[in-house]
Amino acid sequence: MPFDQALRLTSILLASASFIGLMVGTGLPEWLAALTGMALIVVLLRSVGISSVDHLVMRVPISATGWNLVVIGGFLGFWVDLLWVSEELLPAGIHFLMLLMVIKLFNLKFRRDYLHLYAISLVAILASGSLTTDLWFFPIFTLYLLAGVWTLLLFQLTKSSEATGSFTIPRTIPHDAQDGFDRVTPHLFWIGNGLAIGAFLMTLVIFFTIPRLSAGFYQKGVGENLRTSGFSDTVNLGAIGPIKRAPSIVMRVELSGRPLRNGGPLYIRGVSFDRYDGKAWTNRLSHRRSLREETAGTFVLRGKRSTVSLQSGETIQQKILLEPLDTPVLFAAPFVESVSGPFPNLLSDVTGSVYLPFPSASRIEYTVVSRSTPLVPADFSSEAGLYPESFASYFLQIPHESERVGALARELTHATRGAYEKVNAIQIYLTHNYRYSLDAPLAEQDHPLEEFLFTRKTGYCEHYATAMVILLRMVGIPARLVTGFLATEWNEYGNYYVVRQQDAHAWVEVHLPHSGWIPMDPTPPILEGAGDGNPAWTVLGRVLDNVRLQWNRFFVQYSAADQFAVVQELKAGSTSVRNKALDSMTSLVSAFTAILGGIITQDVSRVRIGFLGKTFGSVLIGLAVLLWLGMRQPWAGRSPGEKRSRQDQAMANLYGRMLTYLSRQGIAKPTAMAPIEFVGIIRARWSAANAHVASITGLYCQARFGHIPLTQEELQRANDDLHRLMSLQKL
Amino acid sequence: MNSTETIRAIQENIARVIKGKPQVIEMSLVALLARGHLLLEDVPGVGKTTLAHSLARSLDCSFKRIQFTSDLLPSDIVGVSIFNRQKQTFEFMPGPIFANIVLADEINRTTPKTQSSLLEAMSEAQISFDNKTYPLSQPFMVIATQNPAEYHGTFPLPESQLDRFLMRLRIGYPSPEEERKVLERSPSLHPAEDLLPLLTAQDVVHLQDQVDKVFMEESLTDYLLAIVHSTRQSALLSLGVSTRGALALSRAAKALAFVRGRTYCLPDDVKELAPIVLSHRIMVARQQGLRPRSFEQAERIIQDLIDTVPVPV
C-alpha cells in the first residue's frame, strides 16, 4: 500500500477511535452519531479504493463556499445549542467538534487538513477521556494510540516527497514504486506496530513507576534525607553539637489563627527523654500507639493531662512544611492537640511526641494545633508533692553521680521555698554562671556533667538542659530533657519561620503539681551570629526561599482536589456567562419588542416576552449572518481570474488523482519528470491508458502552465477520461 | 498558412536534405527563432555544413560562409576601408558578416583575435569600424562549426566566448537506414542548393517577435532558475551557468514551445533544452574527467543535475 493511501487510512482510523470514544462516553445525539459514523464509513471506503463510492461522492460535490457555509451554520448551531438546547458548554462544544470532524473528513486535500483532523481527534479523545473512567475506554484509547503512532510515522514519511513537490497539488507523489521504498511493506508494518506497542509499554512503566504529582520521588532519593541526630530513642550527650553548624533547611513554619509573632523565638518540640546514665539520654517511654483519626486526615492526641484540661492555654495553629528527614518524628510546638495532613496513620507516645510510621521520603505539609501549658498561680508556692512510684522511676531517675552535684543542688535551693522557686533558682544559676560555646569536647570525658558543672563551665544547650534536669531531680522535682528546634529566623516576605539544622536545640520540661509539664530553657540566649555576610544576600535569600515555598504550594502540591475545584469554578463561570448572555439578549429584545409593541398594539402580553425574545434572538442572528454574507458576497461578483483559478484547481486535482491512480497501478511519476515526458513513459509501459493520460495531461498543462481557461466541456472531458482510465485494469 | 504550419514546412524542407535528424533540425529552428546562434560540434562529415546551408536556403535570406583558417584576419570578416580615389575618402567595404545567416566553418581554427571580432558581432548585432557603427541586418544568425577530434593547430574557444552561442548541438551519425537513403539519393554535390525558400527575412523577424509573446508560468521560471542554481552548487562543476545562460534557456524554451505550436512553455521544454543550451557554458571540475572539455561529459553532468530538480506540478 502506498504511503499516502496508508496515511489517509490511519488518519481516518484515528478520527474513528476518537469518535467512538466520544459516542460511548457522552452519548451523542442519534442524528449526529449517525452522521459522523456515515461520514467515517464513506471516507474509509473511499480511501480503501472502492471506486463506486468514489463516483457517488463525486456526484454530489459541494463547493468550497458550500463547505464554508456549513461551517458557519455549524458555528451558529453551536450557539443555539449552548443557549437553548443542551444549555451547557461541554456538550455543545462536543457536538460542534463532531460537525467539524465530518466537514474535515470530506475535505482531506492538503496536509494541513490532516493536521486539523488530528487536532480535532486529539481534542475529542481528551474530552471523552475526561468524561469517563470506564474500562471500555481502554481498548478505544489503545486503538487511538496505535493509529496515532502510525499516523505520525506516515505523516513524516510522506513529508519528504511532499517537500520537494509544489504547492498546487499537495498530495504525495511517490518517487518510484518499483523499489518499494514508498509503500507499506510487511516489514514496515510490523516495525510500526512494534513501535506503537513499545511506546505503550513504556507509558505503562512510567505510569506505574513515576509517582503521582507532589511526591518528589526522584528528586530526593530515600538515602538523601537530611541527617539529623538527637531524635532517636537514645542520644549521647554532645550529639547535637555537630549539627549545630549545618545550615540546611529542615522545615518552614507558618503560624495562623493568631497575630504573627514577628521574629520571637518559637520552640518546636521533637521528643523527650527520661533516663540519663551519665553519658547518654534514653527514652524509655517510647512505646507508640496509633492516633485516632477523627475526620479524614485529622488525628487527635488522646490522654490529656488532667491538670491542664482545667485551664485552657494559648492555642497555636501551625502549618509546617517538613523536608525529608531521616527520623519519623513529627515536629510541632508543644503540646500537640491534633495533626492534620496527608498521612495514612500517625503514632504517638505517652510523652506527647508524634511520629510518622516511617521517615518520609518526600516533603510533607501538615497542620498542627497545639496548646501551650500556662503556669497555674497555685504552683508559685506549692511544694513538689509525692509522686507515684511508676512516675518517679521515670522522671526522678538519677545516675550515680558524685556527691558534688547533689551538694550543688541543695545549695542552690537552700534558701527557696516551693517547687517553682527552686526551678527558677536553678535556671538562673545555670543561665548566668556558664558560658555558651559549641567547642566543648565534653563527650570524651568520663563524667561530662561534672566536667561541665565544676571544671569547664562551658557548654551548649544539651549540657545546660542535662544539668538542669539532674539538678531538679536531685531536689525531688520531676523533669525531662526535650530535643527539637528553636526557630528564630523569621522570613518577613512570606511570614513564616525558617528552621535550619543549626537551630536544633535541647531544653527541659519540668513537672509542677498543678500546671503539669512546663517547658523551661536554661540555655542563655545566643548572640545572633553576626557573620551571616552581606545583608543584601540575606534579603535575597529570604525572598528566594519564599518563592520556593510558594512554588511548592501552588505547583508541586497541586492535587486532583485543587483541579476539581478549578473545574467547578470554570463550570460555574460558564453557566453565569451563559445566563448573562441570555439575560442581556432577552432584555435587549424585550426593549425592542416594547417599542415594537407600542407601535403595533398597546397590549402585548408580558408573558410572551420570553418566547418573543428567543424568536427575535434567532432572527437577529440570522440577519447578522445574511449581512456578513452579503458583505462578503461569496456567490456574486467573482472576478474571471478567481473563476479561472478555481477551474485550474479542479484540473490540478484531476491530474493529481490521475497520478495517484497511476502510482497505485505501479507507474509513479518521479518528481524530476516533466509531464509530457511522463506521457511517454505511460505510452511505453501501459499503452491502453496512453490516450486518456495524454488527454488529461494536455488539458492540465494548458490550464496549469498556459493559464488558458478551460471550458466546462473540457473539464468534463478530463473527468470522463479519468473515470475511463480508472476503469482500466493494468495487465 | 499560419506560423505552426510554416515552421512544419521548413522542418520538412530541411529534412529532405538532412535525413533522420528531426531533433537537430527542430533545434536549429529554435536557435533561429530565439535570435540565437548555433554551435555545431561534431566529427567531420556528418552534415554540419549541409545543415547550416539547408537552413539558409529554406529562408529567403542572404547567406555567407566564412572558412576560418589560422591566417584569417578580423578585417576578412568585418570588412575593410578602401580609399576611394574619386571621392577622396575612405569607403567601408562590408565583410561577409553582413548577411542574415553566416556560416563560420571550423571556428576554432582561427586566432583568438579573429574569433573575438566575430563574437562581438554576435552579441551586439552590430559592427563598429572606424568609429562608426554599422547595424547588421535582421535576422542575424551565426552557425559555427567546430571539430572536436582535431586538436593540432586549433584555438579552442574560451567558455566566455562559448557563452555567446545559444546552443551547442551534436548531429551524430545517422542510423543505417537513413545512411542508406543518403547514399541512394541522386548524386549531387550540393543537395541544399535544390531547396526552395519558404520564408522571407521579414517573416522570420515576425516569427521571432511572436516567440517573445510565449507565456512562461511563474513556477516554470522557478524551475528553470533551480536548474541553473544547481549547476552553480554542483561539486562536479568548477563553473556554473551564468545569468546569460539562464536567459538563453528561457528564450530557447519559449522558442521550442512556439515551434511545437504552443503559446506557453512546459517543463518539458526547459528540461529537454537544458543539456544543449547549458552544457557548453559550464566548466567540468578538473578531477572529474581526463578531458575536461569533453562534450559528452558536460552533457551527462547537466542531465544528472536535471534529474534531481523537481518539476513543478
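A: With the contact between the chains, bearing in mind that this is a predicted model. Chain A gives 17 residues to the contact and chain B gives 19 residues.

Q: Which element supplies the largest share of the side of chain A that touches chain B?
A: Helix H20 of chain A, residues 675-685, supplies three residues, the largest share of that side. By class, the side of chain A that touches chain B holds nine nonpolar residues, seven polar ones and one charged residue.

Q: How is the size of an interface often given?
A: Often as the accessible area that is lost when the parts come together. For this contact I have quoted residue counts, 17 from chain A and 19 from chain B.

Q: Now helix packing. At what angle do helix H1 and helix H3 of chain B pack?
A: Helix H1 (residues 3-15) and helix H3 (residues 48-58) of chain B pack at about 135°, and their axes are 9 Å apart. Angles over 145 degrees would count as roughly antiparallel and 65 to 115 as roughly perpendicular; H1(B) and H3(B) are therefore oblique to each other. Their crossing is right-handed.

Q: Which residues meet where H1(B) and H3(B) pack?
A: From H1(B) come Ile10(B), Asn13(B) and Ile14(B), and they meet Ser54(B), Leu55(B) and Ser58(B) of H3(B). By class, this contact has three nonpolar residues, three polar ones and no charged ones.

Q: How do strands of a sheet pair?
A: Through backbone hydrogen bonds, in either a parallel or an antiparallel way. In chain B, five strands form an open sheet with parallel pairing, in the order E3-E6-E9-E1-E10. Strand E3 (63-67) and strand E10 (167-169) of chain B are the edge strands, each pairing on one side only. On average, and with direction ignored, neighbouring strands of this sheet are turned by 20° against each other.

Q: How many bridges join E1 to E9 in chain B?
A: Four bridges join strand E1 (residues 38-41) to strand E9 (residues 141-146) of chain B, and the two run parallel. As one case, Leu38(B) has Ile143(B) in E9(B) as its bridge partner.

Q: Which strands does helix H2 of chain B lie across?
A: Helix H2 (residues 22-33) lies across E1, E9 and E10 of chain B, and runs at about 160° to E10(B).

Q: Lastly, what span does helix H4 of chain A reach?
A: Helix H4 (residues 64-85) of chain A has 22 residues and reaches 29 Å from its first C-alpha to its last, close to the 32 Å expected at 1.5 Å a residue. H4(A) is followed by Glu87(A), which has a positive phi, near 60°.

How values were computed: Residues numbered from 1 in each chain as written. Chains lettered and ligands numbered in written order. Predicted model: local features only at pLDDT ≥ 70, side-chain atom pairs only at ≥ 80, totals over all residues. Contact = placed C-beta atoms within 7 Å. Nonpolar A, V, L, I, M, F, W, Y, C, P; charged D, E, K, R; others polar. Axes fitted to C-alpha atoms, helices over the stretch in contact; angles between N-to-C directions. Parallel < 35°, antiparallel > 145°, perpendicular 65-115°, else oblique. Left-handed = near helix turned anticlockwise from the far one by under 90°. Pairing = 2+ DSSP bridges. Expected span 1.5 Å × (residues − 1).
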